[in-house]
Amino acid sequence: MVAFGKKLKEWQLQEWQEYYINYKLMKKKVKQYAEHIEHGTQDRRYVLKDFSRMLDNQIEKTVLFLLEQQGHLASRIAQLGDQQDATQQEPEISKISELREAYRKVGEDLLKLLYFIEINAVGLRKILKKFDKRFGYRFTDYYVKTRANHPYSQLQQVFKQVGVGAVVGALSRNLHELQDRQGSYSSIYDQPTLPLQDPVIDAIRAAVDRLNHSTNFLNFLGQHALIVQEELPAPSDQQVDDEKYHFMSLLLNLANTFLYMVNTYIIVPTADDYSMQLGAAPTVCGIVIGAMAVAQVFSSVYFSAWSNKSYFRPLVFSSIILFLGNAMYALAYDLNSIWILLIGRLCCGFGSARAVNRRYISDCVPLNIRMQASAGFVSASALGMACGPALAGLLQTDFKIYNITFNQDTLPGWVMMFAWLIYSIWLWISFVEPSREFEEDRTTSQSNAESSVITTYYFNWTTSTVAIFLAGLGLTVLPVNIIVGSYISNLFDDRQILLASEIMVLVGILSAFHVIIPYSEMQYICSGLLMFVSAEVLEGINLSLLSRVMSSRLSRGTYNGGLLSTEAGTIARVIADATITLAGYMG
């Protein structure tokens with residue numbers, strides 16, 4: 001809150017100082033309310049009424065000024081329109097240039113007004129959240145619900161920017177008409193798919209998109225992906241050129257994300273059995289599964305650096321390496337070599353192009369759909385995490401072709417090898433390398449499930465049962481994110497959610513131990529589900545916080561914030577996998 005107060009002073013325009021929401025006054029008032037309630041000099045109902053009235057007055061002051069400024073802008077556009085009509089009769093290049101610059105000056109003033117709205121909207125959300133935290137009362141819910149659709153409330157004027165669209169449309173149309181059409185009689189309405197390319201209009205559109213960027217489920221998922229963007233980006237960075245965006249290329253990046261997560265988790269239900277078939281202890285499955293994460297620690301760096309120059313070539317290289325890695329994983333059975341198995345998994349990790357996938361979204365997807373693309377990235381990861389074990393559960397067969405074995409242990413490798421072959425062909429045909437610009441990002445998905453060792457030892461679960469259990473865990477990712485992103489994060493402070501998640505993870509860990517009572521399947525399932533869901537909430541909130549507080553300088557270059565976050569998560573998974581194997585060797 002202190003940091004926001006300082007930023008608020010830096011951002012505010014001096015000439016409009018008196019029209020901003022008085023965040024400092026309201027913060028002081030909240031403190032006074034707390035003291036009065038503590039000493040019993042004011043009751044809670046009075047506080048709610050008085051603070052509501054103060055908010056209403058502050059919002060009304062801001063909105064009336066906003067409408068006044070919009071009126072000034074509309075008057076200036078109308079006057080320029082009269083001048084433009086006059087130039088149509090006697091066109092002069094110098095007058096047309098002057099008109100263009102005058103329209104752009106109106107656009108710059110509109111941009112200032114949009115920043116004014118944005119700062120007030122952020123300040124309003126902050127003070128509401130502070131009030132809720134201080135009094136343990138869901139005042140935000142009450143205030144928004146009672147004011148959202150009330151005919152006398154000004155709240156929606158702040159959040160819906162009423163009138164801005166009309167001003168933007170008028171500016172775009174008039175600037176379009178002043179362009180040199182070289183004898184063309186078509187208008188802007190005849191070619192709606194060709195938007196006006198003007199830096200001021202681009203900056204305004206980006207500012208409107210950012211203002212519409214509210215705290216909802218898509219926003220939460222996008223922050224989960226940790227696609228970092230600059231706090232106050234320059235106009236040239238705010239809007240990716242539409243010509244640079246290619247939907248099929250984005251889809252290919254999301255498909256790469258999905259397949260990689262399937263590749264990661266498809267072997268989990270059978271890894272212990274495969275290790276035993278090759279003469280190793282079942283706990284070696286920790287190394288088999290973790291080998292991919294070990295390699296990803298290094299691959300994340302060189303893929304992040306490679307994406308500074310190209311997106312297509314790293315994706316091709318990734319597909320080839322994953323094709324070879326899965327082939328080695330599948331052939332290790334007939335070669336009777338645990339080393340071939342491990343090398344195959346290492347190759348799969350060296351083919352991890354998730355750094356490229358995230359950076360493509362950050363660099364090449366327009367701002368107005370970037371959050372949807374980021375949410376798509378997280379959804380693809382979650383779906384892959386669920387589909388991997390589920391697919392393994394379906395591959396329960398055993399046959400040979402030309403002395404090559406196809407069974408529950410090798411089929412995950414053969415299936416993924418074929419999938420990466422198909423993906424490579426699709427990639428080669430459909431991917432379009434975008435023109436180079438600069439920006440960057442990266443992070444990781446979570447979850448580690450070596451449950452097959454424990455469930456086989458205690459409950460004699462089959463591979464199909466383990467696969468169903470792991471797939472069920474994976475399917476909780478999206479519902480949990482929906483609940484946290486759309487509901488819980490609006491009711492509680494992030495630090496409260498973090499603390500609660502950490503406590504629940506600890507409870508899940510403690511409840512998983514076999515101490516006194518006989519170890520049951522219900523105990524294992526409940527403790528595993530509690531640990532997994534709590535850790536998922538913990539990861540989501542952490543990444544959401546990082547995306548908001550991380551410096552915009554870490555959104556660029558090879559060693560960007562997303563990469564560093566990914567490395568931390570990957571190293572943690574490596575340590576967890578190694579600990580399982582070490583525990584096995586220690587008896």
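Author: A crossing of two helices is right-handed if the near helix is turned clockwise from the far one by less than a right angle, and left-handed if it is turned anticlockwise. The model discussed here is a predicted one.

Reader: Which way does helix 13 pass helix 14, then?

Author: Helix 13 passes helix 14 in a right-handed crossing.

Reader: At what angle do the two axes cross, and within what distance do they come?

Author: The axes of helix 13, residues 285-306, and helix 14, residues 312-335, cross at roughly 165° and come within 12 Å. Helix 13 is therefore roughly antiparallel to helix 14, because angles over 145 degrees count as roughly antiparallel.

Reader: Which residues make that contact?

Author: Helix 13 contributes Val288, Tyr302, Phe303 and Trp306, while helix 14 contributes Arg313, Pro314, Phe317, Ser318 and Tyr329. By class, seven of the contact residues are nonpolar, one is polar and one is charged.

Reader: And how do helix 13 and helix 15 pack?

Author: Helix 13 and helix 15, the latter covering residues 338-350, have axes 6 Å apart and pack at an angle of about 35°. Here too the crossing is described, and helix 13 passes helix 15 in a right-handed manner.

Reader: Which residues of helix 13 and helix 15 are in that contact?

Author: From helix 13 the contact takes Ile287, Val288, Ile289, Ala291, Met292, Ala295, Gln296, Phe298, Ser299, Tyr302 and Phe303. From helix 15 it takes Leu341, Leu342, Arg345, Leu346, Cys348, Gly349 and Phe350. The contact has 14 nonpolar, three polar and one charged residues.

Reader: Changing topic: how many aromatic pairs does the structure hold?

Author: The structure holds 21 aromatic pairs. One of them joins Tyr19 and Phe65, whose rings are stacked at 4.0 Å centre to centre with 10° between the planes.

Reader: Where do Tyr19 and Phe65 lie?

Author: Tyr19 lies in the loop between helix 1 (2-11) and helix 2 (23-39), and Phe65 lies in helix 3 (residues 44-89), so the pair ties together parts that are 46 residues apart in sequence.

Reader: Is each of them buried or exposed?

Author: Tyr19 has a relative accessibility of 26% and counts as partly exposed, because that class lies between 20% and 50%. Phe65, at 5%, counts as buried.

Reader: What about Tyr274 and Tyr329: what is the geometry of that pair?

Author: Tyr274 and Tyr329 are edge-to-face, with 5.1 Å between the centres and 85° between the planes. Tyr274 belongs to helix 12 (residues 271-277) and Tyr329 to helix 14, so this pair ties together parts that are 55 residues apart in sequence. Tyr274 counts as buried at 0% relative accessibility, and Tyr329 is buried at 2%. Tyr329 is also among the residues that helix 14 brings to its contact with helix 13.

Reader: Which residues do ring pairs link into a cluster?

Author: Trp16, Tyr19, Tyr20, Phe65 and Phe116 are linked into a cluster by ring pairs.

Reader: Back to helix 14. Where is Asn326, and is it buried or exposed?

Author: Asn326 is in helix 14. At 3% relative accessibility, Asn326 counts as buried.

Reader: What is Asn326 in contact with, leaving aside its neighbours within four places in sequence?

Author: With those neighbours left aside, Asn326 is in contact with Asn263, Cys348, Pro412, Gly413, Met416, Met417 and Trp420. Cys348 is also one of the residues of helix 15 in the contact with helix 13.

Reader: Which residues have a positive phi although they are not glycine?

Author: Among them are Tyr402, with a phi of about 55°, and Asn403, with a phi of about 65°. Most residues other than glycine have a negative phi. Tyr402 is found in the loop between strand 1 (398-401) and strand 2 (404-407), and Asn403 is placed in the loop between strand 1 and strand 2 as well. Tyr402 is exposed, with a relative accessible area of 77%, and Asn403 is exposed at 66%.

Reader: Where does Pro366 lie, and what separates it from Tyr245?

Author: Pro366 lies in the loop between helix 16 (354-364) and helix 17 (367-394), and at 3% relative accessibility Pro366 counts as buried. Pro366 and Tyr245 are 121 residues apart along the chain, and their C-alpha atoms are separated by 6.9 Å.

Reader: Lastly, what does the secondary structure of the chain come to, and what share of residues is buried?

Author: The chain has 24 helices and two strands. Of its 587 residues, 51% count as buried. Among contacts with a separation of 6 or more, residues 24 or more positions apart account for 83%.

Methods: Residues are numbered from 1 along each chain as its sequence is written. This is a predicted model: local features need pLDDT of at least 70, side-chain atom pairs count only at pLDDT 80 or more; totals for chains, interfaces and linings use all residues. Side-chain values use heavy atoms; hydrogens and water are left out. Axes are lines fitted to C-alpha atoms, for helices over the stretch in contact, and angles run from 0 to 180 degrees between N-to-C directions. Helices (H or I, at least four residues) and strands (E, at least two) are DSSP runs, numbered from the N terminus. Angles under 35 degrees count as roughly parallel, over 145 as roughly antiparallel, 65 to 115 as roughly perpendicular and the rest as oblique. Contact means heavy atoms within 4.5 Å. Ala, Val, Leu, Ile, Met, Phe, Trp, Tyr, Cys and Pro count as nonpolar, Asp, Glu, Lys and Arg as charged, and the others, Gly among them, as polar. Rings of Phe, Tyr and Trp (its six-membered ring) pair if their centres lie within 6.5 Å; planes under 30 degrees apart count as stacked, over 60 as edge-to-face and the rest as tilted. Buried means under 20% relative accessible area, exposed over 50%, partly exposed in between (1.4 Å probe, protein chains only).
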